Structure formats: C-alpha cells, structure tokens
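Okay, everyone, thanks for coming. Let me put the chain up on the screen and then walk you through a few spots.

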Amino acid sequence: AVLLGLFVTTLSVQAYEKDAYAEPIVHGDFVVNIEALLAKGVVRNGWTLSRVDNDSFSADISHKGYEIKTLITTANNTIAIKLVSVEGHKCNKTCKKSEERVEGWLLRLRRLIGSELGIAARNDVRERLISLNNATEA
C-alpha cells in the first residue's frame, strides 16, 4: 500500500512538469505480461498498440484532427513514452498544433499505463498474501 501511495504521488507531481509523460515509470517484477498490461491501458482512450520489437511498442491515436505517434520502451523494469510525431492531418501546412492538447493526451496515456501498473501491483500483493496465508495454515 505504501509503494502504491508513493507511485500515485509521483504521478501527480509529474503531471505539472513539461514533458512529464516522458518520465520513465518504474515497475517491479510483478508485471508478467507487459504487452497485455500496455494494451489494456492504451485502448481505453482510443490509442492503438503494436509491437515494434522485444522491448518497444508503438502507440498511436488519430483524434480531433491530430495524428499522434509514440514509442513506448520497456527495459530494465521501466516503461517510457517518447513522442515520435504529431501531425494535424485535417488542415493545411499553416495549421497550428496545440502543444497543451498533445501534452494532455500523452499524460493521459501515461496515467492509463500507470493505473494498469497499480492494478497489477495490487493483484500481486493480494496473491502473495493469499499464498502466505495458505502456507501458514498448512
């Protein structure tokens, strides 16, 4: 519970920093299937996820005239989001991109992944407690 509290506090503080979405999220060994965890997190807001290689994934969204492409890397028990490109696909070359709007979508993506990590951590603790309880009863 303490670890989860620190995790949530860290996400809240970083939400006010520029490019806070790019700060790596550290996780423990409780994540068994990183691709499934990422997929559950990103699809909630309409992002699509595809594997690039063993340690990286592409997460993309096309929304409100913007085409946002990111690269999510998963190495050394961390998850990091890198902005690859932003295109205003429904406007001409003079189209202004709203940095705040894009930052908001990227922060939301990071929060969704963080939320899934929190659920995975909670489930891992629950399973360990049940195993410990069963071992002491035997």
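Before I point at anything, one term: I call two strands paired if DSSP finds at least two bridges between them. And keep in mind that this is a predicted model.

So, the hairpin. Strand E2, residues 48-53, pairs with E3 in the antiparallel sense, over five bridges. The two strands form a hairpin, with two residues between them. If you want a place to look, find Thr 48: across from it, in E3, stands Asp 60.

Now the inside. In soluble globular proteins, nonpolar side chains tend to be buried together. Here the largest nonpolar core has 28 residues. Which ones have the most contacts inside it? Those are Trp 47, Ile 68, Ile 72, Ile 79 and Ile 113. Two or more residues each come from helix H2 (34-43), strands E3 (56-63), E4 (66-75) and E5 (78-88), and helix H3 (99-137). H3 gives the most, with nine residues.

Let me zoom in on Ile 79. Leaving out residues up to four places away in sequence, Ile 79 touches, among others, Pro 24, Ile 25, Leu 37, Leu 38, Ile 72, Ile 113 and Leu 117. Glu 23, His 27 and Thr 73 are also among its contacts.

Val 125, Leu 129 and Leu 132 make a nonpolar surface patch of about 290 Å².

Okay, over to you.

How values were computed. Residues numbered from 1 in each chain as written. Predicted model: local features only at pLDDT ≥ 70, side-chain atom pairs only at ≥ 80, totals over all residues. Heavy atoms only, no water. Core = buried A, V, L, I, M, F, W, Y, C linked by side-chain atoms within 4.5 Å. Buried < 20%, exposed > 50% of the residue type's maximum accessible area, 1.4 Å probe, protein only. Helix = DSSP H or I, 4+ residues; strand = E, 2+ residues; numbered from the N terminus. Contact = heavy atoms within 4.5 Å. Patch = residues over 30% accessible without salt bridge, like charges linked within 9 Å, V, L, I, M, F, W, Y side chains within 5 Å. Areas by Shrake-Rupley, 256 points an atom, 1.4 Å probe, with all protein chains shown as cover. Salt bridge = Lys/Arg side-chain N within 4 Å of Asp/Glu carboxyl O.
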